[in-house]
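Let's walk through a model together, one question at a time. Have a look at it first.

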Amino acid sequence: MNFVAMDFETASAKRYSACSLALTIVRNNQVADEFYSLIKPDTEFNWRNVQIHGIHEADVADAPTFPQIWQVINPLFQTNQLIVAHNAPFDNGILKSCLEHYDLQRTHYLTLDTVRSSRKFFPEFENHKLDTVCNHLGIELNHHHNALDDSLACANILLYEANNFGAEQLKPFVRMIN
């Protein structure tokens, strides 16, 4: 399998307030590369968000803006590329809102939500939060709500599902983002 696992953290409830982004790139069923960056959002930080991820306004003072990051990562978001996230509607929504907020061209790509796939394959789990699924599957998740650790955990969930149920069983979960 080839795919990119994506995870955003946000500064506030505003969908365009991305303050960190991580991508875990999987090629031939192996983690081949990782990308992580803090992002200086165009909004103030909310204490609730800081409490969740621990990223403060001072931490991103010298960080690149989303448009600067997009120049680097945009080539990964192609029509035939699978982008995976745990609770994909959230992460895809953040990406879409950032693109709209900064007046950047929308992109089309394939997406898969590992929350949905884990509900199907593991209905017996008490819930399907990232840390719960990782705990049940024996997947390492050291710093939950660190975007890089979360994207790596998401990638490992999909690899686990592909190895145990087959890539064919994952196809019904793939959607196109327009």
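Q: In this predicted model, which residues of helix H5 meet helix H6?
A: On the H6 side, the contact takes in Asp-150, Ala-153, Cys-154, Ile-157 and Tyr-160. Facing them from H5 are Leu-130, Val-133, Cys-134 and Leu-137.

Q: Which word describes how H5 lies to H6: parallel, perpendicular or oblique?
A: Helix H5 spans residues 130–137 and helix H6 residues 147–165, and their axes are 10 Å apart. The two pack at an angle of about 50°. That makes H5, relative to H6, oblique.

Q: Now to the strands: how many of the eight residues of strand E1 are buried?
A: One side of E1 carries Phe-3, Ala-5, Asp-7 and Glu-9, and the other Val-4, Met-6, Phe-8 and Thr-10; all are buried. The strand (residues 3–10) is therefore largely enclosed by the rest of the structure, its buried count being eight of eight.

Q: Which strand runs parallel to E1?
A: Strand E2 (residues 18–27) is joined to E1 by eight bridges, but runs antiparallel; there, Thr-10 stands opposite Ala-18. Val-4 stands opposite Ile-83 in E4. Two bridges join E1 to its parallel partner, residues 82–85, strand E4.

Key: Residues numbered from 1 in each chain as written. Predicted model: local features only at pLDDT ≥ 70, side-chain atom pairs only at ≥ 80, totals over all residues. Heavy atoms only, no water. Buried < 20%, exposed > 50% of the residue type's maximum accessible area, 1.4 Å probe, protein only. Helix = DSSP H or I, 4+ residues; strand = E, 2+ residues; numbered from the N terminus. Pairing = 2+ DSSP bridges. Axes fitted to C-alpha atoms, helices over the stretch in contact; angles between N-to-C directions. Parallel < 35°, antiparallel > 145°, perpendicular 65-115°, else oblique. Contact = heavy atoms within 4.5 Å.
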